[in-house]
Amino acid sequence: MIKDIFKDKKPTLSFEVFPPKKEDDFANAFSVMDALAVLKPDFISVTYGAGGSKSKKTLEIASYIQNRLHIDALAHMTCVGSSREDIDAVASQMEQEGIRQVLALRGDRPATMSDEQFNSRAFAHASDLIAYLKANTSLHMAGACYPEKHFEAESFEEDLRHLKEKCEAGAEFLITQLFFDNDSFLRFRETAGKAGISVPICAGIMPITTAKQIGTTVSLSGSSVPKKMADMIAAYADNPADLRKAGIEYAAEQIRGLKAEGVDGIHIYTMNRPKVAAEIVGMI
Ligand code: FAD
């Protein structure tokens, strides 16, 4: 189990990948997983569509990681658009495939979901999904956390209170939203510790290697962009090769800083780019 790796190794190294968008892209996705496996991660997590309609693709990639590569797979699962029966079905398919661990998430509200549907969802929060899976399946759960606060939460303290409930419901470890400023992570880790959150926390690191990527990343994650990163993008905006190099160095420097602070785990958002991941791993 991933939770046991934290007892023997600090920091753990893990990657996030996403399933292919099209059916005929599976061969390519498997070769991405093969290239990441060479870097010997402790686990690989696989993203999941918020509505749950693409769950089969998540399952197929997670199964490849678990059963062919023999690396612990952490399959993401969202519940915002799912009934109990939907969750039962996905959880049972995971168990049949030998996938034992889930990053249990609420998911973002899909644009097509009405207020009525959103307000009557079967699982209100990730903690409800975690408690349900713990009571009804053999799966082990991890949860998401937000060093700069989840965008819906009214305050950092309120978000942290709910994070504690998530851990009490059964989240065995946490993975953070991406951040570009280590101080925000360190402040969050300290406050979480004081609030009684004692499970391992993996730091989510996203390498920014193109100017286009920063806009999408910030709008999706809500993470702030420190001056150092803004300056880097401005300096290399017209030079893709230098921006790629600087982005990789930025991520590696963040990771070296976190290691010096005794972080439990480093989780690299690979965007299915194994060469970028390999270059970072070679520098940390
Ligand atoms: P929750 O923990 O339920 O929190 C959501 C909000 O509700 C927070 O503001 C929280 O403070 C509040 N809240 C929690 N409990 C309560 C309560 N009892 N009462 C009142 N308020 C409460 N999305 C995807 O669609 N697919 C993915 O694969 C995916 N992977 C992710 C991986 C990581 C590491 C992270 C950090 C995020 C990921 N997301 C993914 C995005 C995630 O689904 C969104 O951020 C979503 O808005 C929140 O999900 P959550 O599980 O953190 O929700």
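1. Accessible areas here come from the Shrake-Rupley method with a 1.4 Å probe. On that basis, the accessible surface of the chain comes to about 13,300 Å². Carbon and sulfur atoms hold 51% of that surface. Note that this is a predicted model.

2. Overall form. The chain has 284 residues, and a compact globule of that length would have a radius of gyration near 19 Å. The chain has 18 Å, which agrees. Along its principal axes, the C-alpha trace spans about 50 × 45 × 45 Å. Of the 284 residues, 52% count as buried.

3. Make-up and contacts. The secondary structure comes to 12 helices and eight strands. Take the contacts with a separation of 6 or more: residues 24 or more positions apart account for 80% of them.

4. Charges. The chain carries 33 positive and 39 negative charges. Their mean positions are 3 Å apart.

5. Aspartate 42. This residue is in the loop between helix H2 (26–37) and strand E2 (43–46). Is it buried or exposed? Its relative accessible area is 15%, and buried means under 20%, so aspartate 42 is buried. Its side chain makes a polar contact with the side chain of lysine 9, at 2.8 Å. Leaving out residues up to four places away in sequence, aspartate 42 touches Ile5, Lys9, Thr12, Leu13, Ile71 and Asp72.

6. The cis bond. Lysine 10 and proline 11 are joined by a cis peptide bond, with omega about -5°. Proline 11 sits in the loop between helix H1 (2–8) and strand E1 (12–17).

7. Proline 147. Look for this one in the loop between strand E5 (140–145) and helix H7 (156–169). Proline 147 is buried, with a relative accessible area of 7%. Beyond residues up to four places away in sequence, its contacts include Phe156, Phe179, Phe185 and Phe188. Thr176, Gln177 and Ser184 are also among them. Threonine 191 is 44 residues from proline 147 in sequence, and the two are 9.9 Å apart in space, C-alpha to C-alpha.

8. Positive phi values. Which way does phi of histidine 70 point, positive or negative? Phi is near 55°, a positive value in a residue other than glycine. Histidine 70 lies in the loop between helix H3 (55–68) and strand E3 (72–78). Asparagine 272 also has a positive phi, near 60°. Its loop runs between strand E8 (265–269) and helix H12 (274–281).

9. Exposure of these two. Histidine 70 is exposed, at 64% relative accessible area. Asparagine 272 counts as buried, at 15% relative accessibility.

How values were computed
Residues numbered from 1 in each chain as written. Predicted model: local features only at pLDDT ≥ 70, side-chain atom pairs only at ≥ 80, totals over all residues. Heavy atoms only, no water. Helix = DSSP H or I, 4+ residues; strand = E, 2+ residues; numbered from the N terminus. Rg over C-alpha atoms; globule rule 2.2 N^0.38 Å. Buried < 20%, exposed > 50% of the residue type's maximum accessible area, 1.4 Å probe, protein only. Contact = heavy atoms within 4.5 Å. Lys, Arg positive; Asp, Glu negative; His and termini not counted. Charge placed at Lys NZ, Arg CZ, Asp CG, Glu CD. Polar contact = N/O pair within 3.5 Å; in protein donor to acceptor, adjacent residues only side chain to side chain.
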